[in-house]
Amino acid sequence: MNNFHTHTYRCLHAYGSEEDYVLSAIKRGTQQLGFSDHAPFPDRDFGLRMSYDELDDYLQTIERLSQVYDGTIRLYKGLEIEFYQEYIDYYRMLLDEKQLDYLALGAHTRFDDKGALKNIFFAESTEDYIAYAENICQAIETGLFRFVAHPDLFFLNDFPIDHNAEKACRMILDSAVSHDMILEYNANGYRRSRRMYADGLRHPYPHPLFWKMAADTSVRVIVGSDCHSPDQVCDDAVKDACRDAQNMGLNLIESIFQDT
């Protein structure tokens, strides 16, 4: 009944205004809706995200809607953001000065040892899975993030499952357990077509290997819609994700906030 992974038109690859999502969520009986559009950076454009000069309007819009729909639905101000070590102070500013309710770690890109920007969508080998996992673990250790979005996103690449894939899963899970970090079971993977991969017919993610390993741990798991249009707030993909997550015996939680 809750969703904390929500995008709007501002990220340039989603549809609908903040209020469109609120109305859709209310219609579907959602009790808590967290906005987590792709975060801008003040000094660099990483693409497919709002511009930095939109940030204040985004936050003010959510605050206004929180007042308008108070008593009907609870809204939260968040951002989905990558982890780059050099932006630690920026993350703290977002939480302290901009008073965000949360940051969701959305690992898509990272800088390698030579300063080149690497995108997990275009992994060159399963060695990149290890670097991806290291980036997530470093982010978790900062304590600045409320949950990790699609932690198994690297499985969208078409490589056979090997020791690197298993090691990457274990690294992320061990770090999450050690720091009591919430991991997201991402429903958007269900909206992506099933196709034949080296390890069989499947959606790109969520991947059974990762989540079967997760089921053997105490890690807390939240189902996230990762909606990119208002009608996806609680659609069939979310229902399928909830069903599968329950069937796997994951330690599911309903909210990323312990006091709600």
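**View 1. The buried residues of helix α1 and what they pack against.** In this predicted model, the buried residues of α1 pack against β2 (32–38), α2 (55–68) and β3 (74–81); contact means heavy atoms within 4.5 Å. Helices (H or I, at least four residues) and strands (E, at least two) are DSSP runs, numbered from the N terminus. Helix α1 spans residues 18–27, and its buried residues are E18, Y21, V22, S24 and A25. They cover an arc of only 165° around the axis, so they sit on the same side of α1. That arc is taken from the directions from the helix axis to the C-beta atoms. Buried means under 20% relative accessible area (1.4 Å probe, protein chains only). Just after α1 comes G29, with a positive phi of about 80°.

**View 2. Helices α4 and α5 side by side.** The axes of α4 (residues 127–142) and α5 (residues 163–178) come within 8 Å and cross at roughly 5°. The two helices are therefore roughly parallel (angles under 35 degrees). Axes are lines fitted to C-alpha atoms, for helices over the stretch in contact, with angles from 0 to 180 degrees between N-to-C directions.

**View 3. Strands β8 and β11.** Here β8 (residues 182–186) and β11 (residues 220–224) run parallel, joined by four bridges. One to look for links L183 to its partner V221 in β11.

**Reading the views.** Residues are numbered from 1 along each chain as its sequence is written. In this predicted model, local features need pLDDT of at least 70, side-chain atom pairs count only at pLDDT 80 or more, totals for chains, interfaces and linings use all residues, and side-chain values use heavy atoms, leaving out hydrogens and water.

Definitions and conventions:
Buried means under 20% relative accessible area, exposed over 50%, partly exposed in between (1.4 Å probe, protein chains only). Angles under 35 degrees count as roughly parallel, over 145 as roughly antiparallel, 65 to 115 as roughly perpendicular and the rest as oblique. Two strands pair if DSSP finds at least two bridges between them.
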